[in-house]
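Morning, everyone. Please have the sequence and the model open while I talk.

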Amino acid sequence: MENKISTDLIRGHTDTIILNVLRQGDSYGYQIYKTIIELSKNQYELKEATLYTAFRRLEKEGSIASYWGDETQGGRRKYYRITEDGETRYEQYKKEWKFAKEILNYLIEGGIENDEK
């Protein structure tokens with residue numbers, strides 16, 4: 001059995017994951033991609049297309065902002081930083097995740113007590 005997280009299971013949390021990475025400092029696309037792999041202990045890899053789609057969505061809604069780096073070697077990199085609105089959204093998403101995780105635990109692992117014996 002392959003021990004990786006299903007894309008279907010993690011879908012819907014991509015924005016929260018990216019915001020969490022950017023809470024820890026400004027970064028560029030490939031570095032964010034690598035950080036997500038590292039944070040998952042090599043158990044999850046976000047597809048680049050999904051990552052860049054999320055960047056566009058998060059920037060459009062004002063959760064992140066981008067700027068060009070001033071690298072002296074190699075190509076210029078587009079960096080992303082979390083905005084104050086993004087910090088607020090991250091906290092809200094995290095709160096929603098904790099609530100959903102608790103309910104899912106009840107639904108997936110919980111049992112019904114039957115008092116009519």
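Start with a definition. Helices here are DSSP runs of H or I, at least four residues long, numbered from the N terminus. Keep in mind that this is a predicted model.

Our helix is α2, residues 14–23. Just after α2 comes Gly25, with a positive phi of about 145°.

Is α2 mostly covered or exposed? Mostly covered: seven of its ten residues are buried. Those are Thr14, Asp15, Thr16, Ile18, Leu19, Val21 and Leu22.

Now, the partner helix. Two packed helices are described by the angle between their axes and the distance between the axes. The axes of α2 and α5, residues 84–109, come within 10 Å and cross at roughly 125°. That angle makes α2 oblique to α5. The crossing is left-handed.

Which residues meet there? From α2, we have Asp15, Thr16, Leu19, Asn20 and Arg23. From α5, they meet Gly86, Glu87, Arg89, Tyr90 and Tyr93. The residues of this contact divide into three nonpolar, three polar and four charged.

Next, the core. The largest nonpolar core has 19 residues. Those with the most contacts inside it are Ile18, Leu22, Ile32, Ile36, Leu51, Phe55 and Ile64.

Last, look at Leu22. Leave aside its neighbours within four places in sequence. Leu22 is then in contact with Ser27, Ile32, Ile64, Tyr80 and Ile82.

Terms used
Residues numbered from 1 in each chain as written. Predicted model: local features only at pLDDT ≥ 70, side-chain atom pairs only at ≥ 80, totals over all residues. Heavy atoms only, no water. Axes fitted to C-alpha atoms, helices over the stretch in contact; angles between N-to-C directions. Helix = DSSP H or I, 4+ residues; strand = E, 2+ residues; numbered from the N terminus. Parallel < 35°, antiparallel > 145°, perpendicular 65-115°, else oblique. Left-handed = near helix turned anticlockwise from the far one by under 90°. Contact = heavy atoms within 4.5 Å. Nonpolar A, V, L, I, M, F, W, Y, C, P; charged D, E, K, R; others polar. Core = buried A, V, L, I, M, F, W, Y, C linked by side-chain atoms within 4.5 Å. Buried < 20%, exposed > 50% of the residue type's maximum accessible area, 1.4 Å probe, protein only.
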